[in-house]
Amino acid sequence: MEIIKLFRKQFENYKGLGDRTFAQISDEDILWKYNEESNSLAIIVKHMHGNMLSRWTDFLNTDGEKDWRDRDGEFEGAYANKKEMLRQWEAGWACLFKALDSVTEENINTPIYIRGEKHSVEDAFMRQLGHYSSHVGQIMYIGRMIKGQGWKGLSVPKDGSKAFNKAMFSK
């Protein structure tokens, strides 16, 4: 069950990066797009929310691509405001964390299906960790483009590696 704890830690890390990005943006910023072919923050969250609910609702018993999911619709329309977007962001992550918390020694070997493809529980979480981390990377990059010089870094500051490493190794 150590693997489930490790997955939780990684998912929490990526959620936190998104949270800290969203803390820096305004209602108007959620709709900003680099160009017409790009996705806004709101669209990325809408897609992640739809994916998370589909993949993790009753995931031990039903295919992760639910009949009720409208994946194509996730890339259209927008949230009314940042507050609404953040409600959906939190709901998606809550569904994922509930799924993680439901894994036990008794059910960890249950085969999981996503679009009819068989996965182990570990593989299903690993697949989605890759998917969600790529979208969180997009969220961070868009946030940085929006904020420009006003961006507050989320990791080791530029030209700050030596000081950061010194602090880490001194612990």
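**Aromatic pairs and salt bridges**

The count comes to 12 aromatic pairs, where rings of Phe, Tyr and Trp (its six-membered ring) pair if their centres lie within 6.5 Å, planes under 30 degrees apart counting as stacked, over 60 as edge-to-face and the rest as tilted. One of them is the tilted pair of Phe7 and Phe125, at 5.8 Å centre to centre and with 35° between the planes. Because Phe7 lies in helix H1 (residues 2–22) and Phe125 in helix H4 (residues 121–147), this pair ties together parts that are 118 residues apart in sequence. Helices here are DSSP runs of H or I with at least four residues, and strands are runs of E with at least two, numbered from the N terminus.

Please keep in mind that this is a predicted model, in which local features need pLDDT of at least 70 and side-chain atom pairs count only at pLDDT 80 or more, while totals for chains, interfaces and linings use all residues. Residues are numbered from 1 along each chain as its sequence is written, and side-chain values use heavy atoms, with hydrogens and water left out.

Are Phe7 and Phe125 buried or exposed? Both are buried, that is, under 20% relative accessible area, with exposed meaning over 50% and partly exposed in between (1.4 Å probe, protein chains only).

Phe11 and Trp93 have ring centres 6.3 Å apart and planes at 65°, so their pair is edge-to-face. Phe11 is in helix H1 and Trp93 in helix H3 (residues 82–102), 82 residues apart. Both of these residues are buried as well. Phe7, Phe11, Trp93 and Phe125 belong to one aromatic cluster, whose members also include Trp56 and Tyr132.

I turn now to the charged side chains. There are 10 salt bridges, each a side-chain nitrogen of Lys or Arg within 4 Å of a carboxyl oxygen of Asp or Glu. Glu65 forms one with Arg115, the closest N and O atoms being 3.5 Å apart. Glu65 lies in the loop between helix H2 (41–56) and H3, and Arg115 in the loop between strand S1 (112–114) and strand S2 (117–119), so this bridge ties together parts 50 residues apart in sequence. Glu65 is partly exposed at 22% relative accessibility, and Arg115 is partly exposed at 47%.

Arg69 and Glu74 meet in a salt bridge at 2.7 Å, N to O. Arg69 is buried at 10%, and Glu74 is buried at 5%. Through shared partners, salt bridges join Arg55, Glu65, Arg69, Glu74 and Arg115 into one network.
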